[in-house]
Amino acid sequence: MRYLLSHRRYRLPFRAPLRTAHGGFEAREGFFLRLQDEQGRVGLGEAATLPWFGTESVEAVGEWLRTLGPEPGANDLAEIPASAGCLRNAVAAARSMIAGEDVPEAKPLPVAALLPAGRAALGRIAPLAEAGFRTFKWKVGVGDLADELALLDDVCAQLPDGARLRLDANGAWDRRQAERWLERTAERPVEFVEQPAFAEPTAGRARVRRTEDLLLGLAGDFPTPLALDESLVGDGDVERWLGAGWPGVYVIKPSLCADPGAVLGRLAAAKAPVVFSSALETALGARAALAWAFRWKGPVRALGFGVWPLFADARFDGPVLAPFMRREDVMRIDPEAVWNALT
Ligand code: MG
């Protein structure tokens, strides 16, 4: 089987620059690709690389696309290595579209609302609760530890009945800081604490190992569940943490998995708790990523897809923030229109 392969590189400015642990983030870069099979059926995919998160670079995707050429065979596509996971993901999504796989029928899925860091969170909770949100995510580890801890009770006091709070530290804490937080969250409606600590792979093997031991230790010592996000980049990371007996939540960005079906199959077999999350991809990639969330048979936790509107050009946005994501919201995304917007 041979395919016609075309691709378009994109650089899309955000409506406003995002603040991340890695500094300001002003525009999203990646590739769209389009495959057409011998019967003329077309599939589209997005390689939404995030190199600072550990994926291949957008240049590496470009190199591979040049290597594949305009008429790759199925064998050529199978040779894309796992180290080019975002490109493999895009090819798999395009082929899945060609095969006519779609978003399965499922109930609407809840979506988590993102609160700004610090005191600014307080003013946002009531309107979001009024709109129907019941899961809130608050970035911590940004300001002074004592100030943030003091705010926790004010944030919890504003939550509507039955609501749950996610804390995301983005790896900011050391052991002592994490312990102070986890002592405090035990009696509060905290669903989980995401990535209390993290060591970049570039920090060296010993440091990474110590941080992983710290995470496992904290997960065993405190009742509040912990979640891994930055720790999960390649498909092999999920396998490794399953092997280590990680008792907490796995935050999965399907767009960054080389083979989302295999990763999610392993997590399902292990009955692991999963949260589906955006990789700040465009609507094209988000359609494929959200389809995985609708296919998930395990307990569904609120989606980490409350990110839109995100881009300066709204044609690249997915469904706007709402307390629930319905199957029809995902089906309404027209991959062809997103592809065509990039001319
Ligand atoms: Mg996170």
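Which residues coordinate the magnesium ion, and at what distances? I looked this up first, and found that D168 (OD), E194 (OE) and D229 (OD) coordinate the magnesium ion at 2.1 to 2.3 Å. I took donors to be N, O and S atoms within 2.8 Å of the metal (3.2 Å for Na, K and Ca), and since water is not among the atoms, sites may look incomplete.

Notes on the source. I am working with a predicted model, in which local features need pLDDT of at least 70 and side-chain atom pairs count only at pLDDT 80 or more, while totals for chains, interfaces and linings use all residues. Residues are numbered from 1 along each chain as its sequence is written, and side-chain values use heavy atoms, with hydrogens and water left out.

Along the sequence I read the spacing of the magnesium donor residues as D-x25-E-x34-D.

Entry on T185. I located T185 in helix α6 (residues 175-185), and T185 counts as buried because its relative accessibility is 1%. Its side chain is joined to that of T224 by a polar contact of 2.9 Å, a term for a pair of N or O atoms within 3.5 Å; within protein, one must be able to donate a hydrogen and the other to accept it, and residues adjacent in sequence count only if both atoms are side-chain atoms. Leaving aside residues up to four places away in sequence, I listed L152, L167, V190, V193 and T224 as touching T185, with contact meaning heavy atoms within 4.5 Å.

Entry on the backbone. Q195, in the loop between β8 (190-194) and α7 (205-221), is a residue other than glycine with a positive phi, near 45°, and it counts as buried because its relative accessibility is 0%. K271, not a glycine either, has a positive phi of about 55°; I found K271 in the loop between α9 (260-269) and β11 (274-276), and K271 is exposed, with a relative accessible area of 74%. Finally, I noted that the peptide bond from W308 to P309 is cis, with omega near 5°, and that P309 sits in the loop between α10 (283-295) and β12 (324-325).

Notes
Helices (H or I, at least four residues) and strands (E, at least two) are DSSP runs, numbered from the N terminus. Buried means under 20% relative accessible area, exposed over 50%, partly exposed in between (1.4 Å probe, protein chains only).
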